[in-house]
Amino acid sequence: MNLERYLNPEQYEAVMHTEGPLLILAGAGSGKTRVITYRIAHMIDSGISPYNILAITFTNKAADEMRKRVDDIVGFGADEVWVSTFHSTCARILRRHIDLLGYNNDFSIYDTDDSKKVVNELLKKHDLDSKEYPPKAILSVISSNKNEMVSPEEAEKYAKEDFEKKAAFIYREYRKVLFDNNALDFDDLLLLTVELFRKSKDVLENYRNRFRYILVDEYQDTNTVQFSFIKLLADKYKNLCVVGDDDQSIYRFRGANIRNILDFEKNYPDAFVIKLEQNYRSTENILNAANGVIAHNIGRKEKTLWSKNDKGSKIHFRQFESAKDEAQFVVNDIYTKVRRRDCMRGDCAILYRTNQQSREVEEAMLRENIPYTIVGGTNFYSRREIKDVLAYLKTIANGSDNLNVERIVNVPKRGIGETSLSKARAYAENNEISLFDALLHADRIPSIGKAAAKMSSFASDICVFRERIAEEEFDDIPELISELLDKIGYEQYIKENEDKDEAADRLANIDELISKAAYYEEKFAEDNPEAEKGPTLQDFLNEVSLVADIDSADMSSDKVLMMTLHSAKGLEFPHVYIVGMEDGLFPGDRSVMSMSSEDMEEERRLAYVGITRAKEDLTLTAASSRFLHGRWANFPISRFVREIPEELLDSSVKFKRTSIEDVPSTPSRFSGFGFGNSNPYASAKSTGFKPAGGRPYESTGMLDKNKPKAVAKVQIKPTSQSGSVYASGNSAPTAPKAVAKVPVKSESKSSLDALKSLSKGSDLKSNVNYKVGDRVSHIKFKEGVVTEINSNENGTYVTIVFDEYGQRILDARFAKLNVL
DNA sequence: AACCTTGGTGTTTTT
DNA sequence: CACCAAGGTT
């Protein structure tokens with residue numbers, strides 16, 4: 001490999017320095033990923049066994065990408081490198097050895113919701129008022145204690161005020177409950193792995209010898225327990241390379257300790273330090289804007305990013321009257337750029353401080369029919385139907401998990417109510433058995449009556465699945481899930497208890513889960529070419545518990561991306577919009593009011609991260625007032641905008657509101673169709689057009705849920721050459737030109753729901769892109785031939801004869817079929 | 001036992 | 001506003 005051709009001198013040095021502790025201070029856009037991948041490739045090339053390399057990345061997505069890129073360079077061995085996140089790495093280690101700590105290897109992983117439930121129950125049990133002791137606050141105490149490796153006993157000892165004492169007490173109880181349920185929360189994964197290493201020298205020695213070369217990306221965001229984990233592993237060979245940028249440390253709230261990177265040279269006195277300061281990503285203007293902002297932080301490692309890139313255009317800044325105008329401006333701007341062929345939709349990202357800000361922008365996107373993807377928000381895996389199914393799977397895997405048993409024991413309804421359940425609970429507690437075991441032998445519970453039969457039938461159904469897994473009767477996890485759903489009648493339960501749209505949504509999500517399982521099976525087979533068996537149920541549960549929102553984001557289809565500034569870390573886009581640049585929002589209330597310089601500096605780093613995502617074009621927007629926390633409030637322009645050197649901004653009205661007439665608009669788009677037609681005032685408010693007479697914009701037209709009977713005339717217009725119609729989520733492949741009359745349902749909870757169901761209506765129809773006789777492929781059932789397509793009032797159903805699975809009738813809305 | 005209404009509450013960011 | 005929890009009703 002002639003590496004010098006591909007790397008600058010500093011990068012080259014970092015790649016070649018494979019032995020001993022190494023700190024790479026990599027400024028934003030300085031080719032960090034390039035260095036890491038070439039470094040791993042070089043190591044493999046120079047004879048180091050890929051089996052001895054551990055690379056910790058921040059997300060699973062980054063891990064997959066890194067493996068792929070290494071593979072592209074060396075062509076072999078990349079799949080033997082252990083690349084994954086802290087949490088996944090620890091989960092894998094614990095699945096093998098946690099019995100040494102008294103847990104069972106089939107442990108469940110609890111998410112934040114689960115943890116919150118446990119805390120709530122504990123508060124109730126000990127008669128503590130949840131107002132005086134907010135579960136959220138308690139949880140954050142528990143979490144930071146775990147991150148700092150403080151035991152409940154120590155926490156109780158050091159607690160001074162009443163709240164601290166009670167929190168420490170709940171912490172102790174919480175640990176007990178999780179242990180009894182054989183469950184681990186996110187923090188436990190790290191903490192218990194460190195405990196394991198300290199307890200078992202054999203296990204530690206084993207992993208030390210395995211991971212002789214360790215690489216940690218995004219090192220500025222590691223917390224104390226992660227630091228210990230790495231230090232324990234690396235202490236024998238000391239081949240530890242950490243990569244990071246202290247200016248991009250944005251996870252203090254979850255325990256990240258910026259001192260880990262600032263003090264690296266103190267912890268490893270013989271550490272070699274390399275600074276990467278040449279930026280290859282952004283225009284000079286963008287880079288200077290970022291430098292101008294971050295310069296206001298003190299106590300950073302001194303570095304100056306520079307670039308040979310062009311100046312580029314200036315930073316655009318606009319302030320609007322409301323968040324709605326702001327959103328409309330951004331959406332119009334993207335529309336215009338795309339139409340002018342300045343860029344593709346997928347080149348544009350809209351970033352915001354808080355997830356709820358996505359709402360206003362999403363509405364504008366839907367109004368203009370621009371395809372988009374929202375990363376994050378309500379996590380797929382925290383949806384009710386998904387949690388239900390996963391709770392069944394977790395119960396099958398781990399019978400001690402009372403929390404998940406409670407969730408599903410009467411879902412779908414099987415007539416097991418609170419009274420009989422509390423008897424079962426009491427029985428379990430008195431006999432020191434799990435709730436599940438109590439249910440299984442419900443006939444032994446005193447005075448329980450006819451609920452006993454229902455309970456034991458529920459429990460034995462679960463047991464049957466357990467046995468069948470042990471007997472290897474299921475080919476794969478999708479099959480297991482499908483049979484489970486059949487057995488418990490989940491689909492029927494959803495259809496009976498939700499209205500049609502909602503039911504369709506939920507069933508689509510379940511279908512998505514099955515697809516994810518199928519995809520995971522494939523990925524597992526690729527990653528473990530030697531494996532004779534597929535992944536276990538525990539493997540799958542690991543995977544789904546530890547996915548980040550960003551991991552499953554589809555970046556390749558041409559859609560505008562919307563995400564929080566946090567999620568955008570590590571990514572780059574030609575065109576970046578940051579909305580909500582307001583003091584009080586960004587920087588947030590807390591940091592403004594508390595005036596804690598640490599909070600404020602972290603917000604500023606977040607601004608720095610946001611700005612440096614942009615390659616060519618950066619647009620910052622603000623609203624002078626917005627509806628927040630249930631009321632209208634006024635917001636001044638963010639100090640971070642003011643910290644950008646004035647000459648870099650394009651706006652002549654820099655600190656004045658852009659009046660609505662100044663919003664550049666694209667008139668042709670709004671003539672003839674669109675929501676605006678049904679109400680000129682709504683149109684005016686959202687697009688910047690004033691209706692004749694200049695009346696004030698008080699009406700929100702059909703988007704107002706107080707006018708439920710409104711009928712919107714919508715033309716779904718093709719927005720690309722291929723003529724696709726889009727909604728959030730999956731794109732649909734055909735282009736109906738028809739004008740659809742869609743009633744806005746009175747139950748619509750919000751204007752957003754109304755808009756969504758409108759675009760979904762068109763989406764569903766257009767989803768059928770195949771006809772009788774077509775050969776199609778399905779993610780689970782592989783290939784087959786369409787023999788029949790039927791529509792009735794419930795929807796469209798496709799009959800397909802699959803090569804391997806025979807005839808199936810699938811709901812056209814959910815089946816993801818590709819024409820071959 | 002299941003459903004519906006009301007009221008009170010909270011509000012960053014995420015594995 | 002939007003979500004959840006508790007209480008009252010069928």
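Predicted model: local features only at pLDDT ≥ 70, side-chain atom pairs only at ≥ 80, totals over all residues.
Strand β15 covers residues 625-628 and strand β16 covers residues 631-634; the two run antiparallel and are joined by 4 bridges. Within this pair, Leu628 stands opposite Arg631 of β16. The two strands make a hairpin, with 2 residues between them. One residue of the turn, His629, has a positive phi of about 55°.

I turn now to a pair of helices. Helix α24, residues 500-527, packs against helix α25, residues 537-545, at an angle of about 110°, and their axes lie 11 Å apart. The two helices are therefore roughly perpendicular to each other. The crossing of α24 and α25 is right-handed. Which residues meet there? From α24 they are Leu513, Ala517, Tyr520, Lys523 and Phe524, and from α25 they are Asp539, Phe540 and Glu543.

Finally, the cysteines. How many disulfides does a search of the whole structure find? The search finds 0. As a reminder, a disulfide is a covalent bond between the sulfur atoms of two cysteines. Consider Cys241 as one case: its closest cysteine sulfur belongs to Cys90 and is 19 Å away, which is too far for a bond. Cys241 is also buried, with a relative accessible area of 1%. For Cys348, the nearest cysteine sulfur is that of Cys343, at 3.7 Å, and Cys348 is in no disulfide. The cut-off applied here is that the two sulfur atoms lie within 2.5 Å. Cys348 is likewise buried, and its relative accessible area is 0%.

Key:
Residues numbered from 1 in each chain as written. Chains lettered and ligands numbered in written order. Heavy atoms only, no water. Buried < 20%, exposed > 50% of the residue type's maximum accessible area, 1.4 Å probe, protein only. Pairing = 2+ DSSP bridges. Axes fitted to C-alpha atoms, helices over the stretch in contact; angles between N-to-C directions. Parallel < 35°, antiparallel > 145°, perpendicular 65-115°, else oblique. Left-handed = near helix turned anticlockwise from the far one by under 90°. Contact = heavy atoms within 4.5 Å.
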